Amino acid sequence: MKWIVVWSKRRGYGFLVTRLQRRKSRNWLKSIGIVIALGKSIWNGVTHNMLDDIHNHWKRAEAVRIKYLGVPTLDMDNVCFHLEEKSGGKIIYRHINILILYRGRNYDPQNQPVIPLMLWKPYAPIYPKLVKNIADGLTFEETKEMRNRGLHSPALMKLTRNGVYVNVVARVREAFETEEVIRLDCTHVGMSDCKRIGVKLRDLAPCVPILFKDEQIILWRGKRDQERNSDISDANAKSSGA
C-alpha cells in the first residue's frame with residue numbers, strides 16, 4: 001500500500017493518506033491547495049533562485065505547490081525531471097501545469113544545500129540563427145512560397161500570453177499528418193516568447209520554423225516523404241542483399 005503526504009491547514013501538520021482515500025475524497029484538491037505555494041506562477045522553468053525558494057518553503061511545510069505558465073508547459077516532462085534532480089525532492093502529484101513537490105521524509109532543514117543567490121541576470125548566450133534565409137532542402141523560391149502559404153493559411157491555434165501550452169505539441173504533430181505548413185497565432189504573446197516556442201517545437205514536433213512575423217509562427221514539417229522513401233529503399237536493399 002502506497003502512502004502520500006498531504007499538508008492540512010486545519011491540523012497544522014502533515015499526515016499520510018492512501019491512494020484509495022485520495023480518490024474517494026472530492027475535496028482532495030482543495031486540501032492540497034492549502035500547501036504553501038511557491039509564488040503565484042513560474043514562467044521560466046527551473047531557475048536558480050527558484051531552488052532557494054523551494055528549500056526556504058520546505059522549512060515550514062513538507063510540500064510545495066508549483067504552478068507553471070508559458071513556454072515551460074510545452075515540455076512538462078523535462079521540467080519535472082530537472083525539478084526533481086536539482087531540488088532533491090519528489091513530485092507526488094501532477095495535473096496539467098500544477099505540481100506538488102514533496103521534500104522527503106528524512107529532510108533536514110539544517111543541512112539543506114547552500115545555493116548562492118543570483119543577484120543579476122547573466123548575459124544571454126549567442127545562439128545560431130533560428131530562421132535561415134533558405135530552408136534546408138528548399139530553394140529560395142520554394143522557401144518564399146512556403147512562407148506565403150503559411151501566412152495566408154488559417155491558424156491552427158491561438159496562443160495567449162502566459163497560457164498553458166500542454167497540448168500544443170500533440171496538435172502540431174497531428175496537423176503535420178495532413179498539412180505541410182501550419183501557422184500559430186501568438187498575438188500579444190511577445191516576440192521573445194514566440195521564438196522560444198518555435199525552438200521548443202523544432203525539437204519536440206519536430207519541424208522547421210521558417211518565419212516569425214507580426215507574432216505569427218510559420219512551421220514547416222520538413223522533407224519527411226523523401227526520408228521515408230530513403231528508409232524504405234535502404235530496408236529493401238538490405239533485405240535483398242541478405
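This is a short walk through some features of the structure above, which is a predicted model.

Let us begin with a pair of helices. Two packed helices are described by the angle between their axes and the distance between the axes. Here the pair is α3, covering residues 48-58, and α4, covering residues 76-87. The crossing of α3 and α4 is right-handed.

Which residues in α3 and α4 meet? On the α3 side you can find Met50, Leu51, Ile54, His55 and Trp58, and on the α4 side Leu83, Lys86 and Ser87. Sorted by class, this contact of α3 with α4 has five nonpolar residues, two polar ones and one charged one.

Next, have a look at the cysteines. A disulfide is a covalent bond between the sulfur atoms of two cysteines. How many disulfides does the structure hold? The count is zero. Cysteine 194 shows how this can be checked: its closest cysteine sulfur belongs to cysteine 186, at 4.1 Å. A disulfide needs the two sulfur atoms to be within 2.5 Å, so the sulfur atoms of cysteine 194 and cysteine 186 are too far from each other for a bond.

Is cysteine 194 buried or exposed? Its relative accessibility is 1%, and because buried means under 20%, cysteine 194 counts as buried. Cysteine 207, with 6% relative accessibility, counts as buried too.

Now turn to the backbone. Most residues other than glycine have a negative phi, and most peptide bonds are trans. With that in mind, follow the chain to the loop between α7 (191-204) and β8 (208-213), where proline 206 is found. The peptide bond that leads from alanine 205 to proline 206 is cis, and its omega is near -20°.

Phi brings us to two further residues. Asparagine 162 is not a glycine, yet its phi is positive, at about 55°. You will find asparagine 162 in the loop between β6 (157-158) and α6 (168-175). Histidine 188 is not a glycine either, and it has a positive phi of about 70°. Its place is in the loop between β7 (181-185) and α7.

How exposed are these two residues? Asparagine 162 has 27% relative accessibility and therefore counts as partly exposed. Histidine 188 reaches 63%, and because exposed means over 50%, histidine 188 counts as exposed.

How values were computed:
Residues are numbered from 1 along each chain as its sequence is written. This is a predicted model: local features need pLDDT of at least 70, side-chain atom pairs count only at pLDDT 80 or more; totals for chains, interfaces and linings use all residues. Side-chain values use heavy atoms; hydrogens and water are left out. Axes are lines fitted to C-alpha atoms, for helices over the stretch in contact, and angles run from 0 to 180 degrees between N-to-C directions. Helices (H or I, at least four residues) and strands (E, at least two) are DSSP runs, numbered from the N terminus. A crossing is left-handed if the near helix is turned anticlockwise from the far one by less than a right angle, and right-handed if clockwise. Contact means heavy atoms within 4.5 Å. Ala, Val, Leu, Ile, Met, Phe, Trp, Tyr, Cys and Pro count as nonpolar, Asp, Glu, Lys and Arg as charged, and the others, Gly among them, as polar. Buried means under 20% relative accessible area, exposed over 50%, partly exposed in between (1.4 Å probe, protein chains only).
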